[in-house]
Amino acid sequence: MAALAIALAVHGPTAVTSPRDALADARPARTGAAIYAARCAQCHGGSGRGDGPASALLTPRPRDFTSGNYAIRTTASGSLPTDADLLRTVGEGLPGTAMPAWKPFLSDGELVAVVAYVKRFAPRFATERPTALALGSAVPSSPASIASGRLAYARLGCPACHGDDGAGAAAVATALENAAGRATAATNLTEPWTFRGGAAPRDVYLRLRTGMNGTPMPSFDGAARDDELWDVANYVVSLARKPAWEMNAAELAAHDAREKQRAAEHPVARGRYLVATLRCAFCHTPVRSDGSLVEPLLFAGGQRRRFESLGELVAGNLTADRDTGLGAWSDAEIAAALTRGTRPDGSRLRPYAMPWPSYAQLTPEDLRAVVAYLRTLPPIVNAIPPPRRPAFGVYLWSKLATALWRHDPPEYVYPGNAGSAPLPNDDGAHVPTAEARR
Amino acid sequence: MKRVLVATALVLVAGGVLVAAVVARRYYALASDATPPEVLVALERDAGPSLADVRDPAERARAERGKYLVAITGCSGCHDTPGPRPPAGGTYLAGGGEFRVRDGTTVVTRNLTPDAATGLGAVADEDVLRVLRSGVARDGRLMAYRAMPWAVYASWTEEDRRAVLTYLRHLAPVAHRIPDPLAAAEIADPLAIEETHFSTDHGATPTAP
């Protein structure tokens, strides 16, 4: 704890008044646990495995603290982060991710306490003593440095993942996976606001020295001279493009045109982005009573809602299963559901449950992209029951009460799967796929 | 006398049958089912303000992008003011729907219009972006994602997120005060939504000017 507090004082985001500040907390471990439960567990999970209730919707996934794999560090490849590294991440957040800066909301003592709590999830912290790398003196940016950096960028193999232009052009390694086996992508080096460790030359240089543990980004420590790595950092910083919020009208028009072109060439990728941001999985996946989504049944429907005066509705199965999902629907039928609220059998979707009038505002290209992405969802067998009207007495009472004394009919969301698939164990081993059925 | 009674009884029975028929029809056929899809789509399309008055063409382009994103995402589904008595300035994104979380906490959807006193008018850009990026409110509270699905909007690119903010800054301001969340700010299991209430306005139009 003393080491943490001193680390905060020396390297931390703000000057701490005294190391005794942190030590003076009556029960620092409990304070850390309380902060973690209130602010961290929703993403990182109660057991620190990165499987919190909100985690299924987040890309990238929240850090699994038990693995000891931390990407943003000042230590050698394969090493743990220092306390100062952890304090910086918690205090300043990680751009390009959902990890916020907690510095405005937590005192220095609280930052120290929560970092101490987080470290306990990985047994490695008990035995290893990570030390920060010694950094060579910075090479200021200049046309010469950038030119040298461009050559080193190519020589070190960066284009294989990051592309010739830093934005993925002609990249060969496009199906990247992280240590957890999840699909990941090389950072677009032309968008510095997405650099997890920051976009200053020193930050980029550090990533080259340290690598990013748990990701395919290796360390280049020893693969090039120190001044060459600084040159590469200066070159990467020079690749930055202007963000849309700083563009003028002409630049925005060109930017929009390029995005539309890219969406037309990669409709599934565009559809993946749209489906993620249109909230589909939020309703079309069974939910548990702690608010987490049942991830093995993602998009397979089954979430049940009851509207007091309107009846029970169960979200449909959007996966490509032919019998219980969208596999037998035509593209036009899927589009009709999203633009007219109709199912192939002529029944209507309820706009207060399935907000199809909103999705009807999609451009035709975006609509096609959504359909293209939905087609790629692996088929999951989950037969969904039809809507049910409320009990007539409940309906009458609800309508009368609303008319007579401002009753506000509730909508209930139920945990569990109202479809036919059994809920899987935590390892997801028991979801019946179409293959298993055959 | 007897004829009057019989006539009255017949009228009452006829009236009762009529009421029963209306109720039964509503029970079996929802109003939304009867409305042509084009009408519902047009309502949604025309809900937001015209941005023709935005002078700076770049700002207007960003606001148009934000308008598209807000339209397809359906923020109005939760953030429009429900109920039969709308605030004077309108209902579009003025807040007022209610979520009750399993532990008893109640949260009411925020007024997203640029009203200085009751909406986002006096809220800094980063405070709004922080909600849409990480679910963290102005007071540092982490929102329950089953109420405000911030974890979904965390997937927006930063450019899309800022376009949404630009659009929100150009809405018609509506004076509509939203109560702060009731019950504990620090909740152990805040996520499971027990019930929602979206037929009555849970905000209040301020009476003082």
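**Exercise 1.** How many residue pairs are in polar contact between chain B and chain A?

*Solution.* The model is predicted: local features need pLDDT of at least 70, side-chain atom pairs count only at pLDDT 80 or more, and totals for chains, interfaces and linings use all residues. Residues are numbered from 1 along each chain as its sequence is written, chains are lettered from A in the order in which they are written, and side-chain values use heavy atoms, without hydrogens and water.

Step 1. A polar contact is a pair of N or O atoms within 3.5 Å; within protein, one must be able to donate a hydrogen and the other to accept it, and residues adjacent in sequence count only if both atoms are side-chain atoms.

Step 2. Between chain B and chain A, 24 residue pairs meet this, both at pLDDT 80 or more.

Step 3. Sorted by class, the side of chain B that touches chain A has 32 nonpolar, 13 polar and 23 charged residues (Ala, Val, Leu, Ile, Met, Phe, Trp, Tyr, Cys and Pro count as nonpolar, Asp, Glu, Lys and Arg as charged, the others, Gly among them, as polar).

**Exercise 2.** State the count of salt bridges between chain B and chain A, and describe one that involves Glu38(B).

*Solution.* Step 1. The criterion is a side-chain nitrogen of Lys or Arg within 4 Å of a carboxyl oxygen of Asp or Glu.

Step 2. The count between the two chains is four.

Step 3. Glu38(B) pairs with Arg340(A), with the closest N and O atoms 2.6 Å apart.

**Exercise 3.** Give the residues that each chain brings to the contact.

*Solution.* With contact taken as heavy atoms within 4.5 Å, chain B gives 68 residues and chain A gives 76 residues.
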